[in-house]
Amino acid sequence: VSRFTEAGRRGQGLRGRLLAAFVLVAVPPLLLFAVFVMALVSDRLERAARQRLGQGLDGVRARVSGLQRQADAAVAAIVREKLSSTAVSEDKAHTAADELGASHGLPLLEIIDGSGRVLSSRHWPAGVGLPEGDREVAGTSDLRWETVAEDYGAAERLAVVATRPGTWAGTPVVVRGGFLLDATMLGELSDLMGAEVALRDTARGRWVARADSPLAKAQFDPSKGDGTADISGTVYRWAAAPLGASLWEVIAVPHTLLAEFTRGVRRLTLGVAALALLAALTTALVLSGRIAGPVRELAARARGVGAGDLEHTAVEASDEVGELARAFASMTHELRTSRERLVQAERVAAWREMARRLAHELKNPIFPIQLSIETLRRALDQEGAPDAQRFQALFRESSDTILDELRSLRSIVEEFSQFARMPPPRLAPTDLGDLVERVLALYRARAAAVRIETGLAPGLPAVPADRDLLGRALGNLVANALEAMPDGGTLSVKTRAVEEGVALEVSDTGPGLTEEQRTRLFTPYYTTKKGGTGLGLAIVQGIVSDHGGRIQVQSTPGAGTTFTLVLPVSIMAEATT
Amino acid sequence: MALGAGRSALSALGPRYGGELRIALADAATRIEPSAPRGLAERILAGLVHETLLGVDEEGRARPALAQSWASAVDGREWTLRLAPATFHDGTPVGSADAVRGLRRFLRSESVAAVHLARVLDGGEEYRRGSTDALAGLSALDDARLVLRFRVSSAVPLAPLASPAAAIVSARGAGAGPFVPTTPPSARGVSATAFGRHVRGRPFLDVVRLSTAAATDRGRPDGGSADVTSGGVSLPPATGLLLLLLDPAAPPLAEGRARALIAASVDRGQLARHFLPGGEPADVLLAPTLLAPLPVSAARGAASLTPVSGRLLLKVASDVPQSASQRVVAHLAALGLEVQAVAVPAALAVTTAGPARLLVWYPEVAEAGLALEELAALAGAGPPVRLALEAADSVRDFDRRRAELQRIEETLRGTHVLVPLARLPLPLGARSGVHGLRATASGALLLENAWVEP
């Protein structure tokens, strides 16, 4: 989006802007859609996970409660029905709890006397005659850490128990029986629920879980209720509920399942969004092409018109752009008609000017010729015999005048001919400094009253130029400058590097030009000099133009005039290539 | 009933040759060469494969084995042993050179009996240290006789020769016991066949197979129906000592008071009666058959009420009955100790270190003086005890020596490093139809006279 926006901002065309507009219009809704869908799915999955964990906790609590009821019923039955009839000889006493527990399905059963000494124990027979070492879980009497025989010693195991007072052979005793909340039972619960089930005694910092349960390595605080925890590189979502003041039931499921599902939904949503975006972009490309194509074509036509191409080509479009194209075509047609009329008029005007100038130029020498011939005729037709010596002098004077005027006529004809026959330049690498020195050398003798200065920049690149043509142009400028300073002054010729190539400046300190003179300076046959043809600067401009350069003039009345020729150097590369 | 009657009739006919006896044990024997046994499996295997020059009876007196007779001279400091005509499993005759070679190897072994013999034998200590190969106290007179010369006179000079580590083997390592091993010992077990030219005659059984219980259960289609299993009805006499060995350098046992409380806390009567089938309470270190006990006075009831706190790692040998270990742990817990019991292989229970060890101890040689030397070594007893034992060994008068040994036993026990708890029989039970099994005071199983009904 930013790229399209940037493209539009940088003015990379109507199509780019249209595309950017499409993207800006299409992307936010798609993103919003994707975010909304993902948030919705995550929320639902989160709720489902929480519900599942909650149900798991309920299941564990129900199982513990069920065991507690079962233990309570069995212990009550033992106390009520069996205890009084059980033999109490020393040998039998050791095995009494084992037998009673087996008959009532209680893996834990202990008979304890009033002083807390174990009289008989099924799960810790080694403790008979010794003080019981069991501990209640804080806050509940049903859950206890029971000492249980294990391997070569004993271990503390969490148990759900029921305790009832009774009488055994006339001695008040306490009968305690129940079930282990051990790894086996928690493993069964875990398998049943498809989740990791464990118990955590925060007071003792102990986990009760199946042997390979990842929860056994967990470090989180179950009193927080729920959360996620990274256990051995796997993230689990867990929930906990108290079973006692310091005992918590904890259930956990790998968060990765939820995360993977969420990731799948996210990928699907993003895929759909990407497809929609692709479709929008494709549509945008097609539509923007259809809209921008005719506009771009119209722009090309307009550039063609600007360059002088007024040929009409129809632009295919049927909408407003088509209307614009048709209007543009009509305008081009009008322009072409106007230009043709203008060209025709200019051509007529040029011929007229040409005729006028030609008549003017020719009229000047013709009149003296005519006058000289008429003078000679009159002298010849005079009465009497003409004085031979006087006639000869008159004839010589008249013929000289005629010859002078004829030379003038020939000069005029040659100049016109030269202007008409100006050849295309033959470009070759030319050192401008050298050219300047060569041209100035021709004029130094004729400019005794003028001080000539040169300012040639060193190291200028050679310019592609026709030495003869460019020398003639420079000579014209120098001659004009010298003629503008008949009473002396300073002629300055400088070269310098400019951005477009090399600049050649010719300055004089003559009277300068008026604004009107300056604007008409390069018009053919326009001249401010007596006897000038007005073709000199036109020829200079033609030569410079043929070299791919340009000429400009700066003049201040009373302060002088400066002509600047700017010649490119890049044509050189093309010419060389 | 007919079957039962048939079996009774077969039993009444007496021993028969043939048959196979399968013995399943908790641990496997890992070595077959003569050595001080490190567990029941090695004791049984040593008894099957090897033969010593002499045996000892319950009173420590020598009885014939590969040596058929012996005579003393020089005020009891020179003993000449005459060998019985016997053959090794590889068919070579047992000669005095074999006996001398066997005893020289024995003298440099880890056996406590070897230490004792080296101390009293002329040049024995220098030889044992390896400073010389000369051994003036031991030489062969001819092919059938060898002479042992002692530096000092000893009450039981020949008793060390009964150690399983002093068994005589041929130059190629073959034994001379009643059974010939057919497979090398491995984790699965070992098999042996009857040796027809055994010095006391061919045993009745054709084959004896020792295997670990796990291997038996896995390998047999009948689920491991061994003829003799550990954990069955125990085999008297009750000479195995359930011994609690406390390290006086490990807290909280560094205090003598704590060790004394622990020693006094265990109700040995209850332990033996309810947790060790066939066991007897043991207040002293040696069985009465080895050393008659002095009256023991101990105020146990009051002492057990005094708490002792701390953690205690208890290493329990795998041949200790679990119920007995659990009872001991319960007593220690009642004292206030937080006990962690971990099992260690029986063969390693004596050699492994630990703050507290519970093991079944059998003397290497069933003789009171040697047994006390072994216990003194086990307890890391200091020079006074060792000197007292040397002094007692030099007493030739039986009653005086016994009194000395009783005093030493009391001293050893008084440190409460060695806490005797109970005496238990060999934890092996045979199925019906197996006859003639006999356990020795050293915890070995004699199978020479064993036979099975077909």
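Me: Why is Gln68(A) called buried?
Reply: Its relative accessibility is 19%. Buried means under 20% relative accessible area, with exposed over 50% and partly exposed in between (1.4 Å probe, protein chains only). So Gln68(A) counts as buried. This is a predicted model: local features need pLDDT of at least 70, side-chain atom pairs count only at pLDDT 80 or more, and totals for chains, interfaces and linings use all residues. Residues are numbered from 1 along each chain as its sequence is written, and side-chain values use heavy atoms, without hydrogens or water.

Me: Where is Gln68(A) placed, and which residues is it in contact with beyond its neighbours within four places in sequence?
Reply: Gln68(A) sits in helix H2 (residues 13–82) of chain A. Helices are DSSP runs of H or I, at least four residues, and strands are runs of E, at least two, numbered from the N terminus. Its contacts (heavy atoms within 4.5 Å) are Asp142(A), Val160(A), Val161(A) and Ala162(A). Gln68(A) and Val160(A) are 92 residues apart in sequence, yet 5.9 Å apart in space, C-alpha to C-alpha.

Me: What makes up the meeting of chain A and chain B, in residues in contact?
Reply: 16 residues of chain A touch 18 residues of chain B. Ala126(A), Leu130(A) and Tyr152(A) supply 50% of the area that chain A buries against chain B, more than any other three residues. Buried area is the accessible area (1.4 Å probe) that two parts lose on being put together, summed over both. For the two chains it is about 1,300 Å², 58% of it on carbon and sulfur atoms.

Me: How many salt bridges are counted between chain A and chain B?
Reply: The count is 0. A salt bridge needs a side-chain nitrogen of Lys or Arg within 4 Å of a carboxyl oxygen of Asp or Glu.

Notes
Chains lettered and ligands numbered in written order.
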